[in-house]
Amino acid sequence: MNLAATITLFGALALIFLAGLLVSRRNQSNTSFMEDYYLGGRRLGGFVLAMTMSATYGSASSFIGGPGVAYNEGLGWVLLSVIQVATGYFTLMILGKRFAITAKKYKAITMVDFLKHRYQSKWVVLLSSFSIVIFLFSTMAAQWIGAGRLIESITGLSYHSALLIFVVTVLIYVTVGGFRAVTLTDSIQGSIMVVGTIILLIAIIISGGGISAIMNDLQAENPNLITPYGADGTLSPMYVSSFWILVGVGVVALPQIVVRAMSYQNTSAFHRALIIGTIVVGVIMLNMHLIGVFARPILPDIEVADTVIPLVALEVLPGWLAGIVLAAPLAAIMSTVDSLLLLVSSTIVKDIYSNYIQPKAPVKRIRKISMTVTAVLGLIVYLIAIHPPDLIIWLNLYTIGGLEAAFIWPVVMGIYWKKGNKYGAIAAIITGMISYIAFQAFYPQPFGMHSVVSSIVLSLIAYVLATYSVKDKQTVSDSLT
Amino acid sequence: MMKHHLDKRFKMANREAIIGICLVLFNFIWWFTFAYGLGSKEPDQYTFILGFPAWFFYSCIVGVILMIVLVSIVVRFFFKDFSLDDKEYDQL
């Protein structure tokens, strides 16, 4: 256990936690409770929007798993990871102002809400709510396990106590504070991430004797480490390029990203977010994965790749600084978890409860239910994270690609193609989801590409065919004509 | 009247979405060309820039910086401000 690191790590956590609570205290405004709790009253500024986008997106995988793979594969994996700079501008530009105008007109608060108004179909709502709850629930559990392990490896606490500390912190501020508290803590966490990765990268370069020396060491160990093809030469250009769909372009359809694209205050906030978001995502992804590669000559014998970042930070930085820097990956996990928690809660309360169970519930009741659902969900995830069942781990592998394959066309076509109808949307969701799971299970790399590519193509075909073959009697909503 | 305004805003929004697609295509081509154009040689024939292999330097480091610059330019000069709210927009 490193005492200094532990103290500064928890200090940073406490600070973030306090900020969230302070904001939630002035959470009363004249917009509706649900719009406020789940969407921050559509009042996000540019900096906060950019930070919450990047922080939500940069999850445990980019901070713990990603650098671990880069440690094993070399520069080829950094090449794959910098694709994500596209998410910084592409998602916001594509969903764009048209989505924000339409969502505002519909008074939509969640992605499902948008789909409901756009397609006017109960089945679209139920299908999409169901897939969001199932998939994001398992992602959440996986993130909590990651956080528990991270705290465990830094502080030497047992996994269970580490997990408990993490859970209590997250739950209190998400339950009480809602979206606005989450986006504010996201901004702090995003800033820690940017500064933290820069400090860590510089410290590693110094301790490795400069970039040239590190490259020489890598080349001497295995020349493939400095090629684009991965440690054993198996990363083909086709396969790596297909990640442009999975971690670049396709992110446009992730519900936790979509909901942020409807929460900004005005177009100038949107413009600022585009620039800041590109900088933040670009810097973080490049740095984190380079750190993973550069750690190799310094600590050559790491067996569990997931521990690369904490181990190398404790190695090259003084303890107190390592604690602060390691608050960055922890912050990333926290911000992913808290936004997912809120999203699943909003799906249950807004999309299911107030649509189909109790449409006329009074505000007080909704407030109580929203907070209760958020808290109960958090507790269930905690119980799962203590003894993770295999099903969760398995489902987690499917989350991002599955959600992308299901939702990319219902969302994008819903915004830009006025003919698209509910039959198209239902066909696209079912085709995307099922084909993705089937590909992953039986034929993981069709045409040498990640299976998300084929599923997205199939889902598009299904959307267009179903839209044309079944005439929708309902007129398309007027805002899109 | 209102519909006319809406059309105009949507037209601008459509143009911005197309700009997004162009940027991502450019991003991909830049990334791919440098990575596999310069990186396909044997590692002992690589040239190095600031310590990094040239393919990595251009594709990843210059690529990221270039995209940041391009996005800033595009947003500043081609993206227009307008109100997101229908009523507010009609009053202006």
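**Figure 1. Phe78(B) lies in helix α2 (residues 54-78) of chain B.** This is a predicted model. Phe78(B) has a relative accessible area of 41%. Phe78(B) therefore counts as partly exposed, between the limits of 20% and 50%. Phe78(B) also belongs to a nonpolar surface patch, together with Ile65(B), Val69(B), Ile73(B) and Phe77(B). The patch covers about 490 Å².

**Figure 2. Chain B holds three helices and two strands.** Start at the N terminus and follow the order α-β-β-α-α. Of the 92 residues in chain B, 46% are buried. Take the contacts in chain B with a separation of 6 or more: 65% of them join residues 24 or more positions apart. The accessible surface of the chain is about 5,200 Å². Carbon and sulfur atoms account for 68% of that surface. The mean pLDDT of chain B is 88, and 87% of its residues reach 70 or more. For the model, ipTM is 0.90 and pTM is 0.86.

Figure 3. A disulfide is a covalent bond between the sulfur atoms of two cysteines.

**Figure 4. A salt bridge joins Lys97(A) and Glu16(B).** The pair crosses between chains. Lys97(A) sits in helix α6 (residues 85-106) of chain A, and Glu16(B) in helix α1 (residues 2-39) of chain B. Their closest N and O atoms are 2.8 Å apart. Are the two residues buried or exposed? Both Lys97(A) and Glu16(B) are buried. Over all chains, the count of salt bridges comes to three. Side chains of opposite charge can pair when their charged atoms come close.

**Figure 5. Lys350(A) and Asp113(A) form a salt bridge within chain A.** The N to O distance is 3.3 Å. This pair links distant parts of the chain, 237 residues apart. Lys350(A) belongs to helix α15 (residues 319-357), and Asp113(A) to helix α7 (residues 111-119). Lys350(A) counts as buried because its relative accessibility is 12%, under the 20% limit. Asp113(A) is buried too, with a relative accessible area of 1%.

**Figure 6. Glu221(A) pairs with Arg296(A) in a salt bridge.** Their closest N and O atoms lie 2.9 Å apart. Glu221(A) is in helix α10 (residues 211-221) of chain A, while Arg296(A) is in helix α13 (residues 267-298). Glu221(A) is partly exposed, at 45% relative accessibility. Arg296(A) is buried, with a relative accessible area of 14%.

**Figure 7. Ser129(A) is found in helix α8 (residues 122-155) of chain A.** Ser129(A) is buried, with a relative accessible area of 0%. Beyond residues up to four places away in sequence, Ser129(A) touches Val112(A), Thr347(A), Asp351(A) and Ile352(A). Ser129(A) and Asp351(A) are 222 residues apart in sequence. In space, their C-alpha atoms are 7.0 Å apart.

**Figure 8. Ile245(A) is part of helix α11 (residues 237-248) of chain A.** Ile245(A) is partly exposed, with a relative accessible area of 27%. Which residues does Ile245(A) touch, not counting those up to four places away in sequence? They are Gly250(A), Val251(A), Glu404(A), Val452(A), Val453(A) and Ile456(A). Ile245(A) and Ile83(A) are 162 residues apart in sequence, yet 9.4 Å apart in space, C-alpha to C-alpha.

Key. Residues are numbered from 1 along each chain as its sequence is written. Chains are lettered from A and ligands numbered from 1 in the order in which they are written. This is a predicted model: local features need pLDDT of at least 70, side-chain atom pairs count only at pLDDT 80 or more; totals for chains, interfaces and linings use all residues. Side-chain values use heavy atoms; hydrogens and water are left out. Helices (H or I, at least four residues) and strands (E, at least two) are DSSP runs, numbered from the N terminus. Buried means under 20% relative accessible area, exposed over 50%, partly exposed in between (1.4 Å probe, protein chains only). Contact means heavy atoms within 4.5 Å. Patches are made of residues with over 30% relative accessible area and no salt bridge: like charges are joined within 9 Å, nonpolar side chains (Val, Leu, Ile, Met, Phe, Trp, Tyr) within 5 Å. Accessible areas come from the Shrake-Rupley method with a 1.4 Å probe; for residues, only the protein chains shown count as cover. A salt bridge is a side-chain nitrogen of Lys or Arg within 4 Å of a carboxyl oxygen of Asp or Glu. pLDDT is the predictor's confidence in each residue, from 0 to 100.
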